[in-house]
Amino acid sequence: MKILITGATSGIGYQLAQDYAKQGHTVIACGRNQEALDELADIDRDSIKTLRFDITDIENTKQALADIERVDLAILSAGMCEYLDVKQFDAGMFERVFRVNVFGTMNTVEALLPIMPEGSKLVIVGSLARLLPFTKAQAYGGSKAAIQYITRTLEVDLKEAYGIDVLGVSPGFVKTPMTDANDFEMPMRVSVEFASKAIRKGIEKGKRDIGFPALFSGMLRVMSLLPQGMQIALSRRMAKNS
Ligand SMILES: NC(=O)c1ccc[n+]([C@@H]2O[C@H](COP(=O)([O-])OP(=O)(O)OC[C@H]3O[C@@H](n4cnc5c(N)ncnc54)[C@H](OP(=O)(O)O)[C@@H]3O)[C@@H](O)[C@H]2O)c1
């Protein structure tokens, strides 16, 4: 398979790129960090090709993908996280986070559609954070709630229009540079190896929402069914204890 992965220069995407290459697939690893891209290419020059572009720039993204003939599986993992301190309310943060997580991801989808044949798979990485009103997560959780909706609606329309299957990924906490920056307790945080395995297995099975780890995912999904008042009270209590 020819597999394109964004966010391949770090964390979950970096691990996925290595694991898919090990399985004998051709991987097109994407990101901005040239050093990390070179490092990846050095691991396996035959299987791993690299592309450097900024997903927030549609022209840059289209140009970078212009010479690719076909992608059988695209995993859009590029993303960023910022937490809001409401006492120093920063509207610009919403713009920064949505620019990468939502608009950048859609730039990538636009550039990919012409090179994704019938039967190919488009996998979009969201987050379990979308399920509950977590403290300080207004921008990040909001962007992932938007991505969840977009993923589901793309699932409806892309199959009909082009025969492309759309799958979503909803990770809990994964140990990556993104979460290494957090100063709060992260329950059930898993390794990138665990995340990569869960994602690859989920894609293979054609799961439409790949949530992991299972227990954390199940707990949050149940909590998201509680009345809103209870969700807010729970989140306030978690915020106090964190
Ligand atoms: N780690 C977790 O606990 C967790 C939990 C839930 C969901 N997620 C989601 O999983 C995905 C991967 O997260 P991670 O933890 O692996 O993060 P990470 O280690 O911080 O990696 C983020 C990746 O996104 C790329 N990226 C960011 N902005 C970009 C831009 N403008 N253009 C192109 N690439 C860009 C980075 O590449 P460059 O620096 O090279 O540009 C990097 O490869 C994200 O969508 C994140 O929201 C993570």
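| Residue | Atom of the residue | Distance to a ligand oxygen atom |
|---|---|---|
| Asn-33 | backbone N or O | 2.7 Å |
| Gly-172 | polar backbone atom | 3.4 Å |

On its own the ligand has 890 Å² of accessible area, and the protein covers 91% of it (Shrake-Rupley method with a 1.4 Å probe; for residues, only the protein chains shown count as cover). A word on the model: it is predicted, so local features need pLDDT of at least 70 and side-chain atom pairs count only at pLDDT 80 or more, while totals for chains, interfaces and linings use all residues. Residues are numbered from 1 along each chain as its sequence is written, and side-chain values use heavy atoms, with hydrogens and water left out.

Around the ligand there are 30 residues, of which Thr-9, Ser-10, Arg-32, Tyr-140 and Thr-176 come nearest (near means a heavy atom within 4 Å). By type, the shell holds 13 nonpolar, 14 polar and three charged residues. In this scheme Ala, Val, Leu, Ile, Met, Phe, Trp, Tyr, Cys and Pro are nonpolar, Asp, Glu, Lys and Arg are charged, and the others, Gly among them, are polar. Helix H6 (177-180) is one of the elements that give two or more residues to this shell, and with three residues H6 gives the most.

Now to the second largest pocket, with about 290 Å³ of space. A pocket is an open set of points on a 1 Å grid over the protein atoms alone, where a 1.4 Å probe fits, with protein on both sides within 12 Å along at least five of seven lines; lining residues have an atom within 4 Å of a point. The volume is the space filled by probe spheres set on the points, which are joined across faces, edges and corners. Its lining has 18 residues, with Phe-134, Thr-135, Lys-136, Ala-137 and Gln-138 nearest the centre. They divide into eight nonpolar, five polar and five charged.

Lys-136 has a positive phi, near 65 degrees, and lies in the loop between strand S5 (121-125) and helix H5. A cis peptide bond joins Phe-212 and Pro-213, with omega about -10 degrees.

Overall, the chain has nine helices and seven strands (DSSP runs: H or I of at least four residues, E of at least two, numbered from the N terminus).

Technical notes
A polar contact is a pair of N or O atoms within 3.5 Å; within protein, one must be able to donate a hydrogen and the other to accept it, and residues adjacent in sequence count only if both atoms are side-chain atoms.
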